[in-house]
Amino acid sequence: MISRRAFLAGAAASFTLPIPALARQSSFALRASEDRPETLYNGITLGRPWPPEWRYAEEHPTVPPYLADRPAVVPIDIGRQLFVDDFLIEQTTMSRAFHKAAYHPASPILKPEHDWETYDDVATRTNKPPNPAAMVFSDGVFFDPKDRVFKMWYMAGYGGGTCLALSHDGITWQKPLLDAVRKGTNLVHRAPRDSNTVWLDQFTREAAQRFKMAYWHDHNLQLAVSPDGVHWSEIGETGRAGDRSTFFFNPFRRQWVFSVRADQFAVQSQSGRFRRYWESPDFTRAVDWGVRAPVAWVKSDSRDPDRPDGGRPELYTLDCVGYESLMLGLFTIWRGETLLREKINEVTVGFSRDGFHWHRPDRSTFMGVSDTEGAWNWANVQSAGGCCVIVGDNLYFYVSGRQGRPGTADPGVCTTGVAVLRRDGFASMDWLPGEGGIVRGRVAPNASGTLTTRPIRFSGGHLFVNGDFTRGELRVEVLDKSGAVIAPFTFEAAAPVTGNGTRLAVNWTGAHLSDLAGREVRFRFSVTRGRLFSFWVSATPTGESGGYPAAGGPEFSGPIDARP
(Lines give C-alpha, C1' and ligand atoms only; values in the text may rest on other atoms or scores of the structure.)
Protein backbone atom coordinates (compact mmCIF):
# COMPACT_ATOMS: atom_id res chain seq x y z
CA MET A 1 0.00 0.00 0.00
CA ILE A 2 1.47 3.36 -1.04
CA SER A 3 1.85 6.05 1.64
CA ARG A 4 0.42 9.56 1.26
CA ARG A 5 3.93 11.00 1.25
CA ALA A 6 5.06 8.66 -1.53
CA PHE A 7 1.90 9.37 -3.50
CA LEU A 8 2.40 13.15 -3.33
CA ALA A 9 6.17 12.93 -3.82
CA GLY A 10 5.64 11.22 -7.14
CA ALA A 11 3.68 14.21 -8.39
CA ALA A 12 6.32 16.67 -7.24
CA ALA A 13 9.39 14.74 -8.38
CA SER A 14 9.12 15.71 -12.00
CA PHE A 15 9.32 19.38 -11.04
CA THR A 16 12.26 19.39 -8.64
CA LEU A 17 15.08 20.05 -11.06
CA PRO A 18 18.47 21.60 -10.22
CA ILE A 19 18.66 25.33 -10.80
CA PRO A 20 20.88 25.13 -13.89
CA ALA A 21 18.41 22.76 -15.53
CA LEU A 22 15.55 25.13 -14.84
CA ALA A 23 17.56 27.98 -16.29
CA ARG A 24 18.37 26.00 -19.44
CA GLN A 25 14.79 24.96 -20.07
CA SER A 26 13.66 28.59 -20.21
CA SER A 27 13.99 30.46 -23.49
CA PHE A 28 14.09 33.74 -21.60
CA ALA A 29 17.59 35.13 -21.23
CA LEU A 30 18.04 37.21 -18.11
CA ARG A 31 19.00 40.66 -19.26
CA ALA A 32 19.62 44.04 -17.71
CA SER A 33 16.72 46.46 -17.49
CA GLU A 34 17.09 49.64 -19.48
CA ASP A 35 14.74 51.55 -17.20
CA ARG A 36 16.08 54.36 -15.09
CA PRO A 37 16.64 53.56 -11.40
CA GLU A 38 13.45 53.81 -9.38
CA THR A 39 13.34 55.84 -6.17
CA LEU A 40 10.80 54.62 -3.65
CA TYR A 41 8.47 56.44 -1.25
CA ASN A 42 11.05 56.06 1.57
CA GLY A 43 14.03 57.48 -0.31
CA ILE A 44 15.50 54.11 -1.28
CA THR A 45 16.79 53.89 -4.86
CA LEU A 46 16.48 50.48 -6.45
CA GLY A 47 19.44 48.98 -8.24
CA ARG A 48 19.62 48.04 -11.90
CA PRO A 49 18.43 45.71 -13.21
CA TRP A 50 15.34 45.25 -11.05
CA PRO A 51 14.60 42.77 -9.74
CA PRO A 52 18.22 41.63 -9.27
CA GLU A 53 18.99 38.81 -11.67
CA TRP A 54 20.15 36.27 -9.14
CA ARG A 55 20.67 32.65 -10.14
CA TYR A 56 21.01 31.45 -6.55
CA ALA A 57 19.49 32.57 -3.26
CA GLU A 58 21.90 33.61 -0.50
CA GLU A 59 23.08 30.80 1.77
CA HIS A 60 24.09 33.17 4.59
CA PRO A 61 22.52 36.34 6.03
CA THR A 62 23.35 39.54 4.16
CA VAL A 63 22.66 43.15 5.04
CA PRO A 64 19.99 44.66 2.76
CA PRO A 65 21.45 47.41 0.54
CA TYR A 66 19.12 50.00 2.06
CA LEU A 67 20.59 49.34 5.53
CA ALA A 68 24.18 49.29 4.31
CA ASP A 69 23.71 52.58 2.44
CA ARG A 70 20.77 54.44 3.89
CA PRO A 71 19.13 57.44 2.16
CA ALA A 72 20.42 60.80 3.32
CA VAL A 73 16.86 61.86 4.17
CA VAL A 74 13.91 59.53 4.73
CA PRO A 75 10.44 60.75 3.66
CA ILE A 76 7.91 59.44 6.20
CA ASP A 77 4.55 60.46 4.72
CA ILE A 78 3.52 56.84 4.09
CA GLY A 79 2.62 54.77 7.09
CA ARG A 80 3.60 54.21 10.66
CA GLN A 81 7.36 54.00 11.04
CA LEU A 82 8.34 50.73 12.74
CA PHE A 83 11.54 50.03 14.67
CA VAL A 84 12.21 46.57 13.23
CA ASP A 85 15.67 47.69 12.08
CA ASP A 86 17.99 50.73 12.28
CA PHE A 87 16.81 52.32 9.04
CA LEU A 88 15.40 55.33 10.92
CA ILE A 89 17.72 55.38 13.94
CA GLU A 90 20.73 57.69 14.19
CA GLN A 91 21.51 57.16 17.88
CA THR A 92 19.85 55.48 20.83
CA THR A 93 20.49 54.20 24.34
CA MET A 94 17.33 52.07 24.19
CA SER A 95 17.23 48.36 23.43
CA ARG A 96 15.19 46.55 20.79
CA ALA A 97 12.87 43.70 21.80
CA PHE A 98 11.00 41.41 19.41
CA HIS A 99 7.56 40.09 20.26
CA LYS A 100 5.53 37.00 19.34
CA ALA A 101 1.91 36.53 18.40
CA ALA A 102 -0.17 34.51 20.89
CA TYR A 103 -2.84 32.06 19.83
CA HIS A 104 -6.37 33.21 20.58
CA PRO A 105 -8.08 30.86 23.05
CA ALA A 106 -10.89 30.28 20.54
CA SER A 107 -8.44 28.54 18.18
CA PRO A 108 -9.13 26.63 16.08
CA ILE A 109 -11.76 29.01 14.78
CA LEU A 110 -12.61 26.96 11.67
CA LYS A 111 -13.06 23.19 11.61
CA PRO A 112 -14.14 20.63 8.98
CA GLU A 113 -17.82 19.79 9.49
CA HIS A 114 -19.49 19.03 6.17
CA ASP A 115 -19.00 16.16 3.73
CA TRP A 116 -17.12 18.36 1.26
CA GLU A 117 -14.69 19.26 4.08
CA THR A 118 -14.17 15.72 5.37
CA TYR A 119 -13.64 14.01 2.00
CA ASP A 120 -10.03 13.09 1.15
CA ASP A 121 -9.50 11.83 -2.39
CA VAL A 122 -5.92 10.59 -1.87
CA ALA A 123 -6.88 8.71 1.30
CA THR A 124 -9.78 7.11 -0.49
CA ARG A 125 -7.59 5.95 -3.38
CA THR A 126 -4.84 4.65 -1.07
CA ASN A 127 -7.24 3.02 1.40
CA LYS A 128 -6.13 5.12 4.37
CA PRO A 129 -8.04 7.15 6.99
CA PRO A 130 -9.22 10.52 5.64
CA ASN A 131 -7.68 13.84 6.63
CA PRO A 132 -10.58 16.28 7.03
CA ALA A 133 -9.63 19.87 6.21
CA ALA A 134 -10.96 23.38 6.69
CA MET A 135 -7.68 25.28 6.62
CA VAL A 136 -6.00 28.26 4.98
CA PHE A 137 -3.16 27.07 2.75
CA SER A 138 -2.28 30.12 2.01
CA ASP A 139 -5.68 31.06 0.52
CA GLY A 140 -6.61 34.46 1.93
CA VAL A 141 -8.25 36.34 4.80
CA PHE A 142 -9.32 39.94 4.15
CA PHE A 143 -11.75 42.50 5.48
CA ASP A 144 -13.93 43.62 2.57
CA PRO A 145 -14.91 47.28 3.14
CA LYS A 146 -17.54 47.05 0.42
CA ASP A 147 -19.53 44.36 2.24
CA ARG A 148 -18.26 45.29 5.74
CA VAL A 149 -17.33 41.71 6.57
CA PHE A 150 -14.25 39.52 7.02
CA LYS A 151 -13.82 36.94 4.27
CA MET A 152 -11.78 33.76 4.43
CA TRP A 153 -11.04 31.44 1.54
CA TYR A 154 -9.84 28.02 2.62
CA MET A 155 -9.11 24.46 1.51
CA ALA A 156 -12.16 22.23 1.93
CA GLY A 157 -11.23 18.55 2.16
CA TYR A 158 -7.57 17.60 1.90
CA GLY A 159 -6.48 18.73 -1.58
CA GLY A 160 -10.12 19.44 -2.40
CA GLY A 161 -11.89 22.59 -3.53
CA THR A 162 -11.96 26.13 -2.16
CA CYS A 163 -14.62 27.45 0.21
CA LEU A 164 -15.61 30.86 1.57
CA ALA A 165 -16.36 31.70 5.22
CA LEU A 166 -17.59 35.04 6.62
CA SER A 167 -17.19 36.80 9.97
CA HIS A 168 -18.15 40.07 11.62
CA ASP A 169 -15.44 39.99 14.28
CA GLY A 170 -12.65 37.81 12.82
CA ILE A 171 -13.15 35.13 15.48
CA THR A 172 -16.60 33.59 14.91
CA TRP A 173 -17.07 32.36 11.35
CA GLN A 174 -20.09 31.29 9.32
CA LYS A 175 -20.16 29.15 6.20
CA PRO A 176 -22.74 30.69 3.85
CA LEU A 177 -24.91 28.51 1.63
CA LEU A 178 -24.06 29.40 -1.97
CA ASP A 179 -24.84 28.08 -5.42
CA ALA A 180 -21.56 28.85 -7.20
CA VAL A 181 -20.30 25.25 -7.41
CA ARG A 182 -22.67 22.95 -5.56
CA LYS A 183 -25.96 24.33 -4.32
CA GLY A 184 -26.32 24.42 -0.58
CA THR A 185 -22.56 24.51 0.10
CA ASN A 186 -20.00 27.24 0.62
CA LEU A 187 -17.78 25.96 -2.19
CA VAL A 188 -16.65 28.72 -4.57
CA HIS A 189 -14.13 26.78 -6.66
CA ARG A 190 -14.32 23.09 -7.50
CA ALA A 191 -10.84 22.33 -8.88
CA PRO A 192 -8.55 20.11 -6.79
CA ARG A 193 -5.64 22.16 -5.53
CA ASP A 194 -2.58 22.25 -3.38
CA SER A 195 -1.47 25.74 -2.44
CA ASN A 196 -3.85 28.56 -3.32
CA THR A 197 -3.84 32.34 -2.88
CA VAL A 198 -6.84 34.66 -3.09
CA TRP A 199 -6.35 38.45 -3.03
CA LEU A 200 -8.82 41.31 -2.63
CA ASP A 201 -7.60 43.92 -5.13
CA GLN A 202 -8.83 47.33 -4.01
CA PHE A 203 -6.78 49.20 -6.61
CA THR A 204 -8.22 47.68 -9.78
CA ARG A 205 -10.63 49.59 -12.00
CA GLU A 206 -11.89 46.33 -13.47
CA ALA A 207 -14.90 45.23 -11.43
CA ALA A 208 -14.66 41.72 -12.87
CA GLN A 209 -11.12 41.39 -11.45
CA ARG A 210 -11.71 42.65 -7.90
CA PHE A 211 -10.63 39.26 -6.58
CA LYS A 212 -7.68 37.32 -7.91
CA MET A 213 -6.72 33.69 -7.43
CA ALA A 214 -3.75 31.47 -8.24
CA TYR A 215 -3.97 27.81 -7.28
CA TRP A 216 -1.36 25.12 -7.90
CA HIS A 217 -2.16 22.22 -10.17
CA ASP A 218 0.07 20.04 -12.33
CA HIS A 219 3.28 22.09 -11.92
CA ASN A 220 1.70 25.44 -12.73
CA LEU A 221 -0.37 28.09 -11.02
CA GLN A 222 -3.85 28.34 -12.51
CA LEU A 223 -4.99 31.97 -12.66
CA ALA A 224 -8.56 33.16 -12.10
CA VAL A 225 -10.44 36.41 -11.44
CA SER A 226 -13.79 37.21 -9.87
CA PRO A 227 -16.05 40.21 -9.22
CA ASP A 228 -17.24 38.87 -5.86
CA GLY A 229 -14.85 36.14 -4.68
CA VAL A 230 -17.56 33.55 -5.36
CA HIS A 231 -17.92 33.24 -9.13
CA TRP A 232 -14.57 32.71 -10.84
CA SER A 233 -13.31 32.89 -14.43
CA GLU A 234 -10.10 31.12 -15.45
CA ILE A 235 -7.67 33.30 -17.43
CA GLY A 236 -4.69 30.99 -18.01
CA GLU A 237 -1.75 29.48 -16.19
CA THR A 238 1.75 30.55 -15.27
CA GLY A 239 4.97 28.91 -16.34
CA ARG A 240 6.30 26.13 -14.18
CA ALA A 241 6.06 26.52 -10.43
CA GLY A 242 6.50 24.34 -7.36
CA ASP A 243 3.58 23.15 -5.26
CA ARG A 244 3.64 25.76 -2.49
CA SER A 245 3.88 28.84 -4.67
CA THR A 246 1.90 31.97 -3.77
CA PHE A 247 1.47 35.59 -4.84
CA PHE A 248 0.85 38.99 -3.25
CA PHE A 249 0.47 42.66 -4.13
CA ASN A 250 3.20 45.19 -3.35
CA PRO A 251 1.18 48.42 -2.91
CA PHE A 252 4.24 50.67 -2.69
CA ARG A 253 5.27 49.84 -6.25
CA ARG A 254 1.88 48.62 -7.52
CA GLN A 255 3.37 45.27 -8.53
CA TRP A 256 1.94 41.76 -8.45
CA VAL A 257 4.65 39.50 -7.09
CA PHE A 258 4.73 35.71 -7.33
CA SER A 259 6.62 33.79 -4.65
CA VAL A 260 7.54 30.67 -6.61
CA ARG A 261 8.71 27.49 -4.93
CA ALA A 262 11.86 25.93 -6.41
CA ASP A 263 14.44 23.38 -5.26
CA GLN A 264 18.22 23.26 -5.19
CA PHE A 265 20.16 20.03 -4.82
CA ALA A 266 23.77 21.22 -4.63
CA VAL A 267 25.72 19.29 -1.98
CA GLN A 268 27.06 22.48 -0.39
CA SER A 269 23.62 24.11 -0.18
CA GLN A 270 22.26 25.00 3.24
CA SER A 271 18.77 23.86 2.24
CA GLY A 272 16.84 22.58 -0.75
CA ARG A 273 13.63 24.60 -1.00
CA PHE A 274 13.94 28.26 -1.94
CA ARG A 275 11.82 31.00 -3.53
CA ARG A 276 11.94 32.58 -6.93
CA TYR A 277 10.57 36.05 -7.61
CA TRP A 278 8.47 37.36 -10.50
CA GLU A 279 6.74 40.74 -10.72
CA SER A 280 4.44 42.67 -13.02
CA PRO A 281 2.00 45.59 -12.65
CA ASP A 282 -0.53 43.44 -14.52
CA PHE A 283 -1.71 40.21 -12.88
CA THR A 284 -2.73 38.72 -16.23
CA ARG A 285 0.85 38.92 -17.54
CA ALA A 286 1.75 36.02 -15.28
CA VAL A 287 0.39 33.70 -17.96
CA ASP A 288 3.42 31.58 -19.02
CA TRP A 289 5.55 34.10 -17.03
CA GLY A 290 5.34 36.56 -19.91
CA VAL A 291 8.69 37.55 -21.41
CA ARG A 292 10.84 37.12 -18.32
CA ALA A 293 11.39 34.08 -16.10
CA PRO A 294 11.36 34.26 -12.28
CA VAL A 295 14.71 34.99 -10.63
CA ALA A 296 16.22 33.42 -7.50
CA TRP A 297 15.14 35.26 -4.37
CA VAL A 298 15.37 33.96 -0.81
CA LYS A 299 15.79 30.77 1.21
CA SER A 300 16.35 29.54 4.73
CA ASP A 301 19.97 30.34 5.53
CA SER A 302 22.70 29.47 8.02
CA ARG A 303 21.15 31.57 10.81
CA ASP A 304 17.88 29.63 10.92
CA PRO A 305 18.05 27.33 13.96
CA ASP A 306 17.56 23.57 13.87
CA ARG A 307 15.14 21.65 16.01
CA PRO A 308 16.78 18.74 17.87
CA ASP A 309 14.29 16.36 16.24
CA GLY A 310 14.52 17.87 12.74
CA GLY A 311 16.89 18.42 9.85
CA ARG A 312 18.34 21.59 8.35
CA PRO A 313 15.55 24.20 8.13
CA GLU A 314 14.10 25.05 4.72
CA LEU A 315 11.85 27.87 3.52
CA TYR A 316 8.56 26.11 2.89
CA THR A 317 6.55 29.10 1.75
CA LEU A 318 6.50 32.90 1.96
CA ASP A 319 3.37 35.09 2.24
CA CYS A 320 3.82 38.87 2.12
CA VAL A 321 1.76 42.03 2.46
CA GLY A 322 2.22 45.78 2.59
CA TYR A 323 1.98 46.78 6.26
CA GLU A 324 2.10 50.50 7.02
CA SER A 325 5.51 51.63 5.65
CA LEU A 326 7.16 48.31 4.74
CA MET A 327 6.60 44.83 3.38
CA LEU A 328 5.86 42.19 6.00
CA GLY A 329 6.92 38.64 5.22
CA LEU A 330 5.64 35.52 6.96
CA PHE A 331 8.32 32.89 6.43
CA THR A 332 7.02 29.37 6.98
CA ILE A 333 10.11 27.40 7.99
CA TRP A 334 10.20 23.61 7.61
CA ARG A 335 11.99 22.17 10.62
CA GLY A 336 11.90 18.52 9.64
CA GLU A 337 9.56 15.56 9.53
CA THR A 338 9.65 11.86 10.33
CA LEU A 339 7.50 8.85 9.64
CA LEU A 340 6.14 9.31 13.17
CA ARG A 341 5.00 12.94 12.92
CA GLU A 342 3.59 15.22 10.22
CA LYS A 343 5.83 18.10 9.05
CA ILE A 344 7.01 20.56 11.68
CA ASN A 345 6.41 23.88 9.93
CA GLU A 346 6.47 27.12 11.92
CA VAL A 347 6.08 30.79 10.99
CA THR A 348 8.79 33.41 11.47
CA VAL A 349 8.80 37.06 10.35
CA GLY A 350 10.89 39.22 8.05
CA PHE A 351 10.74 42.80 6.83
CA SER A 352 11.64 44.50 3.58
CA ARG A 353 11.79 48.18 2.69
CA ASP A 354 12.44 47.64 -1.02
CA GLY A 355 10.21 44.58 -1.58
CA PHE A 356 13.03 42.20 -2.51
CA HIS A 357 15.80 42.18 0.10
CA TRP A 358 14.75 40.81 3.48
CA HIS A 359 15.89 41.67 6.98
CA ARG A 360 15.22 38.84 9.43
CA PRO A 361 16.86 39.90 12.70
CA ASP A 362 14.73 37.58 14.87
CA ARG A 363 14.83 33.95 13.73
CA SER A 364 12.81 32.55 16.61
CA THR A 365 9.32 31.21 16.05
CA PHE A 366 6.57 33.83 15.70
CA MET A 367 3.69 31.31 15.44
CA GLY A 368 4.61 27.72 16.10
CA VAL A 369 3.52 24.15 16.61
CA SER A 370 2.48 22.68 19.92
CA ASP A 371 4.43 19.69 21.15
CA THR A 372 1.33 18.36 22.90
CA GLU A 373 -0.07 15.35 21.04
CA GLY A 374 -3.69 15.92 20.07
CA ALA A 375 -3.36 19.71 19.87
CA TRP A 376 -4.95 21.33 16.82
CA ASN A 377 -1.51 22.69 15.83
CA TRP A 378 0.66 19.69 16.72
CA ALA A 379 2.09 19.92 13.18
CA ASN A 380 2.40 22.01 10.07
CA VAL A 381 1.54 25.59 11.00
CA GLN A 382 1.48 27.81 7.90
CA SER A 383 0.40 31.38 7.19
CA ALA A 384 -2.55 32.81 5.27
CA GLY A 385 -2.59 35.01 2.19
CA GLY A 386 -2.93 38.66 3.23
CA CYS A 387 -0.89 37.83 6.37
CA CYS A 388 -2.96 39.76 8.92
CA VAL A 389 -5.99 41.97 9.47
CA ILE A 390 -6.22 44.93 11.86
CA VAL A 391 -8.92 44.76 14.53
CA GLY A 392 -8.80 47.71 16.89
CA ASP A 393 -5.46 47.70 18.71
CA ASN A 394 -4.54 44.21 17.51
CA LEU A 395 -3.37 42.28 14.48
CA TYR A 396 -5.02 38.93 13.73
CA PHE A 397 -2.87 36.32 11.98
CA TYR A 398 -4.63 33.26 10.56
CA VAL A 399 -2.76 29.98 10.23
CA SER A 400 -3.41 26.38 9.31
CA GLY A 401 -2.69 23.70 11.88
CA ARG A 402 -2.71 19.93 11.62
CA GLN A 403 -3.54 17.62 14.46
CA GLY A 404 -1.60 14.76 12.91
CA ARG A 405 -1.79 11.10 13.87
CA PRO A 406 0.99 10.22 16.30
CA GLY A 407 3.08 7.36 15.00
CA THR A 408 2.38 8.30 11.37
CA ALA A 409 3.22 11.15 8.99
CA ASP A 410 -0.48 11.74 8.22
CA PRO A 411 -1.94 15.26 8.54
CA GLY A 412 -4.98 14.19 10.52
CA VAL A 413 -7.62 16.86 11.10
CA CYS A 414 -6.61 20.18 9.48
CA THR A 415 -8.08 23.36 10.93
CA THR A 416 -7.55 27.14 11.01
CA GLY A 417 -6.43 29.08 14.07
CA VAL A 418 -5.75 32.73 14.78
CA ALA A 419 -2.93 34.42 16.68
CA VAL A 420 -2.97 37.96 18.08
CA LEU A 421 -0.28 40.65 18.27
CA ARG A 422 -0.39 44.27 19.33
CA ARG A 423 -0.74 46.61 16.36
CA ASP A 424 2.80 47.49 15.16
CA GLY A 425 3.99 45.10 17.84
CA PHE A 426 6.70 43.19 15.99
CA ALA A 427 9.47 45.11 17.75
CA SER A 428 9.77 47.82 20.39
CA MET A 429 12.52 50.14 21.52
CA ASP A 430 12.60 49.71 25.29
CA TRP A 431 13.82 51.71 28.24
CA LEU A 432 13.10 49.53 31.25
CA PRO A 433 15.85 50.13 33.83
CA GLY A 434 16.51 47.12 36.01
CA GLU A 435 14.52 44.79 33.75
CA GLY A 436 17.25 43.60 31.41
CA GLY A 437 17.87 44.69 27.86
CA ILE A 438 21.03 45.99 26.27
CA VAL A 439 21.80 49.66 26.84
CA ARG A 440 23.46 51.27 23.83
CA GLY A 441 26.22 53.53 25.11
CA ARG A 442 26.95 54.99 28.55
CA VAL A 443 24.15 56.61 30.50
CA ALA A 444 23.99 58.34 33.87
CA PRO A 445 22.05 56.80 36.77
CA ASN A 446 18.32 57.62 36.60
CA ALA A 447 18.73 58.95 33.05
CA SER A 448 15.99 58.63 30.49
CA GLY A 449 16.41 56.46 27.44
CA THR A 450 16.76 58.42 24.23
CA LEU A 451 16.37 57.70 20.54
CA THR A 452 17.25 60.17 17.80
CA THR A 453 16.04 59.55 14.28
CA ARG A 454 18.03 60.02 11.14
CA PRO A 455 17.05 63.04 8.98
CA ILE A 456 13.39 62.79 7.98
CA ARG A 457 10.92 64.88 6.02
CA PHE A 458 7.11 65.00 6.25
CA SER A 459 4.17 67.02 4.96
CA GLY A 460 1.71 66.45 7.81
CA GLY A 461 1.33 68.31 11.06
CA HIS A 462 0.37 65.81 13.79
CA LEU A 463 2.85 63.48 15.51
CA PHE A 464 1.65 60.19 16.97
CA VAL A 465 3.34 57.29 18.72
CA ASN A 466 2.41 53.72 19.57
CA GLY A 467 3.79 52.91 22.99
CA ASP A 468 3.36 51.70 26.55
CA PHE A 469 4.26 54.38 29.09
CA THR A 470 2.03 53.27 31.94
CA ARG A 471 4.99 53.38 34.36
CA GLY A 472 6.70 56.41 32.89
CA GLU A 473 6.40 59.03 30.20
CA LEU A 474 7.65 60.01 26.77
CA ARG A 475 8.59 63.45 25.50
CA VAL A 476 9.78 64.50 22.07
CA GLU A 477 11.91 67.36 20.79
CA VAL A 478 12.71 68.29 17.20
CA LEU A 479 16.22 68.96 15.89
CA ASP A 480 17.37 70.68 12.74
CA LYS A 481 19.72 68.97 10.30
CA SER A 482 22.76 70.17 12.26
CA GLY A 483 21.41 68.62 15.48
CA ALA A 484 20.33 71.82 17.20
CA VAL A 485 16.96 71.89 18.97
CA ILE A 486 14.30 73.85 17.09
CA ALA A 487 12.42 76.08 19.55
CA PRO A 488 9.68 75.82 20.69
CA PHE A 489 9.74 72.04 19.90
CA THR A 490 11.70 71.27 23.05
CA PHE A 491 11.43 68.64 25.79
CA GLU A 492 10.39 71.39 28.20
CA ALA A 493 7.50 72.49 25.96
CA ALA A 494 6.43 68.95 25.13
CA ALA A 495 3.34 67.58 26.83
CA PRO A 496 4.28 64.29 28.52
CA VAL A 497 2.80 61.22 26.85
CA THR A 498 1.62 58.62 29.35
CA GLY A 499 -0.51 55.49 29.33
CA ASN A 500 -0.64 52.58 26.91
CA GLY A 501 -2.03 53.08 23.44
CA THR A 502 -1.51 52.37 19.77
CA ARG A 503 -2.33 55.96 18.74
CA LEU A 504 -1.05 58.51 21.27
CA ALA A 505 -0.81 62.16 20.20
CA VAL A 506 2.36 64.20 20.84
CA ASN A 507 1.97 67.96 21.36
CA TRP A 508 4.00 71.02 22.35
CA THR A 509 2.80 74.14 24.12
CA GLY A 510 2.57 77.04 21.69
CA ALA A 511 3.86 75.06 18.71
CA HIS A 512 2.37 73.40 15.64
CA LEU A 513 4.35 70.67 13.90
CA SER A 514 2.91 71.72 10.55
CA ASP A 515 5.29 74.70 10.72
CA LEU A 516 8.13 72.23 10.06
CA ALA A 517 6.47 70.45 7.12
CA GLY A 518 8.86 69.97 4.22
CA ARG A 519 11.96 70.67 6.33
CA GLU A 520 14.76 68.21 7.01
CA VAL A 521 14.53 67.48 10.74
CA ARG A 522 15.14 64.79 13.36
CA PHE A 523 12.95 63.63 16.24
CA ARG A 524 14.55 62.90 19.59
CA PHE A 525 12.42 60.70 21.84
CA SER A 526 13.04 60.59 25.59
CA VAL A 527 11.49 57.81 27.71
CA THR A 528 11.65 57.61 31.51
CA ARG A 529 10.29 54.06 31.43
CA GLY A 530 8.39 52.29 28.71
CA ARG A 531 8.25 50.86 25.22
CA LEU A 532 8.07 52.66 21.88
CA PHE A 533 6.71 50.61 18.97
CA SER A 534 6.28 53.18 16.18
CA PHE A 535 5.79 56.83 15.31
CA TRP A 536 4.28 58.72 12.39
CA VAL A 537 3.23 62.19 11.27
CA SER A 538 -0.38 62.38 10.16
CA ALA A 539 -2.10 64.90 7.97
CA THR A 540 -5.08 64.81 10.33
CA PRO A 541 -5.58 65.24 14.09
CA THR A 542 -7.31 61.84 14.17
CA GLY A 543 -4.04 60.11 13.31
CA GLU A 544 -4.53 58.26 10.03
CA SER A 545 -1.09 57.15 8.88
CA GLY A 546 -1.42 57.14 5.10
CA GLY A 547 0.06 53.65 5.16
CA TYR A 548 -1.15 50.25 4.02
CA PRO A 549 -3.23 48.26 6.54
CA ALA A 550 -2.24 44.75 5.41
CA ALA A 551 -5.45 42.80 4.67
CA GLY A 552 -7.62 45.58 6.04
CA GLY A 553 -9.93 45.88 9.01
CA PRO A 554 -13.21 47.45 10.12
CA GLU A 555 -11.76 50.94 10.59
CA PHE A 556 -10.58 51.19 6.97
CA SER A 557 -12.78 52.14 4.03
CA GLY A 558 -10.14 51.37 1.42
CA PRO A 559 -6.60 50.07 0.88
CA ILE A 560 -4.94 53.04 2.64
CA ASP A 561 -5.25 54.28 6.21
CA ALA A 562 -6.87 57.61 5.37
CA ARG A 563 -9.83 59.64 6.56
CA PRO A 564 -13.00 58.49 4.69
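These notebook entries record what I looked up in a predicted model.

**Entry 1: strand β32**

I began with strand β32, which covers residues 530–538. Eight of its nine residues are buried, so I note β32 as largely enclosed by the rest of the structure. I then listed its pairings. For glutamine 81, I recorded phenylalanine 535 as the bridge partner in β32. As a reminder to myself, strands of a sheet pair through backbone hydrogen bonds, either parallel or antiparallel.

**Entry 2: the sheet that contains β33**

I next traced an open sheet of four strands, whose order is β21-β20-β19-β33 with antiparallel pairing. Which strands stand at its edges? I found β21 (345–352) and β33 (548–549) there; each has a single partner strand, so one side of each is left without a neighbour in the sheet. The partner of β33 is strand β19 (residues 314–324), to which two antiparallel bridges connect it. Within this pairing, I located tyrosine 323 opposite proline 549 of β33.

**Entry 3: nonpolar cores**

I turned to the largest nonpolar core, which has 141 residues. The residues with the most contacts inside this core are Phe258, Phe397, Phe426, Trp508 and Phe523. I took phenylalanine 523 as an example and, leaving aside residues up to four places away in sequence, listed its contacts; among them are Leu451, Ile456, Phe458, Leu463, Val476, Val478 and Leu513. The list also includes Phe535 and Val537, and these two positions fall within β32, residues 530–538. I noted a second, separate core of six residues, including Met135, Phe137, Tyr158 and Cys414.

**Entry 4: cavities**

How many cavities of 30 Å³ or more does the whole structure hold? The search finds four. The largest cavity contains about 190 Å³ of space. It is lined by 17 residues, and those closest to its centre are Trp199, Leu200, Phe203, Ala550 and Pro559. The elements that give two or more residues to this lining are β11 (196–200), β19 and β33. By class, I recorded 12 nonpolar, four polar and one charged residues in the lining.

**Entry 5: backbone geometry**

I found a cis peptide bond from serine 107 to proline 108, with omega near 0 degrees. Proline 108 sits in the loop between β5 (102–103) and α4 (115–118). Another cis bond joins alanine 487 and proline 488, where omega is about 5 degrees. Proline 488 belongs to the loop between β29 and β30 (497–506).

For positive phi, I noted arginine 254, at about 55 degrees, in the loop between β15 (246–250) and β16 (255–263). Asparagine 380 also has a positive phi, near 55 degrees, but its place is in strand β22 (residues 379–383). Are these residues buried or exposed? Arginine 254 is partly exposed, with a relative accessible area of 34%, whereas asparagine 380 counts as buried at 0% relative accessibility.

Key
Residues are numbered from 1 along each chain as its sequence is written. This is a predicted model: local features need pLDDT of at least 70, side-chain atom pairs count only at pLDDT 80 or more; totals for chains, interfaces and linings use all residues. Side-chain values use heavy atoms; hydrogens and water are left out. Buried means under 20% relative accessible area, exposed over 50%, partly exposed in between (1.4 Å probe, protein chains only). Two strands pair if DSSP finds at least two bridges between them. A nonpolar core is a set of buried Ala, Val, Leu, Ile, Met, Phe, Trp, Tyr and Cys residues joined through side-chain atoms within 4.5 Å. Contact means heavy atoms within 4.5 Å. On a 1 Å grid over the protein atoms alone, a cavity is a set of points where a 1.4 Å probe fits but cannot get out, and a pocket is an open set with protein on both sides within 12 Å along at least five of seven lines; lining residues have an atom within 4 Å of a point. Grid points are joined across faces, edges and corners, and a volume is the space filled by probe spheres set on the points. Ala, Val, Leu, Ile, Met, Phe, Trp, Tyr, Cys and Pro count as nonpolar, Asp, Glu, Lys and Arg as charged, and the others, Gly among them, as polar.
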